[in-house]
Amino acid sequence: MYYYYIQTSGVFDFKNNAHTIDIEEMLKTNLEGNYHLESLKFNNYDQYINYFYRTDHHWNNHGSYQGYQDIAKMMNFENIIKPSEEIVFDDLNFYGSFARNIRNFDYEQKFTVYKFELNNYNVTIDGKKDNYGRQQDYFNKIYDRNNKYVNHYGEFYGYDYGEIIYDFNQPQKENLLIIASSYSNPINSLLASNFNKTYIIDLRHYKNYTGYDFDIKEYIKKNNIKKTLIIMDYGYLISENNNLEV
């Protein structure tokens, strides 16, 4: 079992540069059995905006890549994938969830991503083979520049589904289970590239897709999974839709 906790703005007092809740210590106190735990933390606003969008609750390309590196080291990956380039979409203003929810578009931020070169793989989304996200469209400059309400984080990296399966066709390697929310979307393929098959479960949507609750023990047995990674932020931990019981 591997746990990765992402500290977000909801548990930090920027005025006094202090944590309002130390979730990592809470996890250490309550988790049982053999496990590994790492986290992404910040101690002031400057560190925060290096990892997160200024108008969105998600981490940006720097934050998500730092998370990937932390997880890769925690899980002892043989190789850590490096981005081939950083791309700034100069003609695309990104208005995140905070801005869209309150309809305040005074602050503009250019949408910026990393590009990675990965081996070929197949993706199955809620039982159907499909492409996950529209990264290639964005690289080809195919995106909506005018609609301020477009969720470019979701459009580029992919939206949330009950079950996403990555198949890198590496039968000599293990299978991985990831339980996460939308924070994992930018790094799903990076993590999956180190395994044969990777099963990504979003507990908020799994029952809507399958019609029944998620049984982790049965799922691990059915899919011959050797390692389980849970990626979580404060909101994901306390949401009753996830039933993580930690």
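**Entry 1: two strands side by side**

I started with strand S10 (residues 175–179) and strand S12 (residues 225–233), which pair in the parallel sense over 5 bridges. I picked out Ile-179 and found that its bridge partner in S12 is Ile-230. A note to myself: this is a predicted model.

**Entry 2: helices against the sheet**

Next I looked at helix H1 (residues 23–30), which packs on the sheet and touches strand S1 (2–6), S4 and S12. The direction of H1 makes about 170 degrees with that of S4. Then I turned to helix H3 (residues 61–74), which also packs on the sheet, touching S1, S4 and S12. For H3, I noted an angle of about 160 degrees with the direction of S4.

**Entry 3: the whole sheet**

I then traced the sheet from one side to the other. I found 8 strands in an open sheet, in the order S4-S1-S12-S10-S11-S9-S7-S8, with mixed pairing. Which strands stand at the edges? They are S4 (36–40) and S8 (128–129), and each has a single partner strand, so one side of each is left without a neighbour in the sheet. I also reminded myself that strands of a sheet pair through backbone hydrogen bonds, either parallel or antiparallel.

**Entry 4: the largest pocket**

I looked up the largest pocket and found about 690 Å³ of space in it. It is lined by 30 residues, and the closest to its centre are Tyr-121, Tyr-132, Gln-135, Gln-136 and Ser-189. Which element gives the largest share of the lining? It is H5, with 4 residues. Elements that each supply at least two residues include H3, strand S6 (109–115) and helix H7 (188–192). By class, I noted 14 nonpolar, 10 polar and 6 charged residues in this lining.

**Entry 5: cavities**

I counted 2 cavities of 30 Å³ or more. The largest cavity has a volume of about 50 Å³, and among the residues lining it are Tyr-132, Asp-160, Ser-184 and Asp-202. Its lining divides into 5 nonpolar, 4 polar and 2 charged residues. The second largest cavity has about 40 Å³, with a lining that includes Tyr-5, His-19, Glu-24 and Lys-41. I wrote down 3 nonpolar, 2 polar and 3 charged residues for that lining.

**Entry 6: aromatic rings**

Last, I checked the aromatic pairs, and the structure holds 40.

How values were computed. Residues are numbered from 1 along each chain as its sequence is written. This is a predicted model: local features need pLDDT of at least 70, side-chain atom pairs count only at pLDDT 80 or more; totals for chains, interfaces and linings use all residues. Side-chain values use heavy atoms; hydrogens and water are left out. Two strands pair if DSSP finds at least two bridges between them. Contact means heavy atoms within 4.5 Å. Axes are lines fitted to C-alpha atoms, for helices over the stretch in contact, and angles run from 0 to 180 degrees between N-to-C directions. On a 1 Å grid over the protein atoms alone, a cavity is a set of points where a 1.4 Å probe fits but cannot get out, and a pocket is an open set with protein on both sides within 12 Å along at least five of seven lines; lining residues have an atom within 4 Å of a point. Grid points are joined across faces, edges and corners, and a volume is the space filled by probe spheres set on the points. Ala, Val, Leu, Ile, Met, Phe, Trp, Tyr, Cys and Pro count as nonpolar, Asp, Glu, Lys and Arg as charged, and the others, Gly among them, as polar. Rings of Phe, Tyr and Trp (its six-membered ring) pair if their centres lie within 6.5 Å; planes under 30 degrees apart count as stacked, over 60 as edge-to-face and the rest as tilted.
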